[in-house]
Amino acid sequence: PMKSLNPRIIVTTNTPLGPREPYRSFKATPFNISHCSGISSMIGKPDRKPLPLPEDQTAYLGAVTAAGATLCALFARDVDGYGQDVDISEADAIGGLFGGMSVTRAFITQEPTPRFHRLPFFYPNGVLPCKDGYVALVANTDDQWERLVEVMGNPEWAQEEVFKTALSRSELADALDELLMPWLMQHTKEEIFRMCQSNRVPTAP
């Protein structure tokens, strides 16, 4: 009815699990949205219970996807003069956002993506303990790693050739965790956040 009055109108609908039955009638929470998206099959330690995405990421990422799709509809209207129905499911948005990595991994390794608490091929990239809790520490690129080493006071072990590339650090992630731990346990998450932030190392409490 609205399009008969205004063919240029753009209507965006953002729902947790999509507009079709039976999913539209399900009670939606971040937990089951994460599971319906498929992301819960990939995150967390294999010997522990499945995890949802933390905090409000399902709603946030669904909303960001809806905003981006709406902008695309606006640009399309500038070309053809017509509006669109933009239909976003939070579960589909998250599956599309994170599923690409799983597809790529399956293509390369010919195996399904296992559950993991670290990103493959890059390290450090994960949640690590510190003096008063945990920090998300990311040093994917070699220059980020070099800046993290500076923050830690240039320890001698960090100069070893085996830690020079992102891939080699990923392959030695367990050993690297052990070497990072003394420095992490000396500082609070706020201290680590401030030190890393000042040296352009992606980190968050």
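## Packing of α2 and α4

Helix α2 (residues 30–37) packs against helix α4 (residues 90–109) at an angle of about 50°, and their axes are 8 Å apart. Helices here are DSSP runs of H or I with at least four residues, strands are runs of E with at least two, and both are numbered from the N terminus. An axis is a line fitted to C-alpha atoms, for helices over the stretch in contact, and angles run from 0 to 180 degrees between N-to-C directions. The two helices α2 and α4 are therefore oblique to each other; angles under 35 degrees count as roughly parallel, over 145 as roughly antiparallel, 65 to 115 as roughly perpendicular and the rest as oblique.

On the α2 side the contact (heavy atoms within 4.5 Å) is made by I33, C36 and S37, and on the α4 side by E90, A91, I94 and G95. By class, this contact has four nonpolar, two polar and one charged residues. Ala, Val, Leu, Ile, Met, Phe, Trp, Tyr, Cys and Pro count as nonpolar, Asp, Glu, Lys and Arg as charged, and the others, Gly among them, as polar.

## Basis of the model

This is a predicted model, in which local features need pLDDT of at least 70 and side-chain atom pairs count only at pLDDT 80 or more, while totals for chains, interfaces and linings use all residues. Residues are numbered from 1 along each chain as its sequence is written, and side-chain values use heavy atoms, with hydrogens and water left out.

## Nonpolar cores

A nonpolar core is a set of buried Ala, Val, Leu, Ile, Met, Phe, Trp, Tyr and Cys residues joined through side-chain atoms within 4.5 Å. Buried means under 20% relative accessible area, exposed over 50%, and partly exposed in between (1.4 Å probe, protein chains only). The largest core has 22 residues, and W145, L148, W157, W183, L184 and C196 have the most contacts inside it. Two or more residues each come from β3 (125–130), β4 (133–138), α5 (142–151), α7 (173–186) and α8 (189–198). Helix α7 gives the most, with five residues.

Not counting residues up to four places away in sequence, W157 touches W145, M152, F163, L176, L179 and L180. A second, separate core has nine residues, including L17, M42, L61 and I94.

S89 is in strand β2 (residues 85–89) and is buried, with a relative accessible area of 6%. Neighbours within four places in sequence aside, S89 is in contact with T15, P16, L17 and G18.

S170 is in helix α6 (residues 166–171). S170 is also buried, at a relative accessible area of 19%.

## Backbone details in loops

The peptide bond from E21 to P22 is cis, with omega near 5°. P22 lies in the loop between β1 (11–15) and α2.

N154 is not a glycine, yet has a positive phi of about 55°. N154 lies in the loop between α5 and α6 and is partly exposed, with a relative accessible area of 45%. R200, also not a glycine, has a positive phi of about 60°. R200 lies in the loop between α8 and β5 (203–204), and at 58% relative accessibility R200 counts as exposed.
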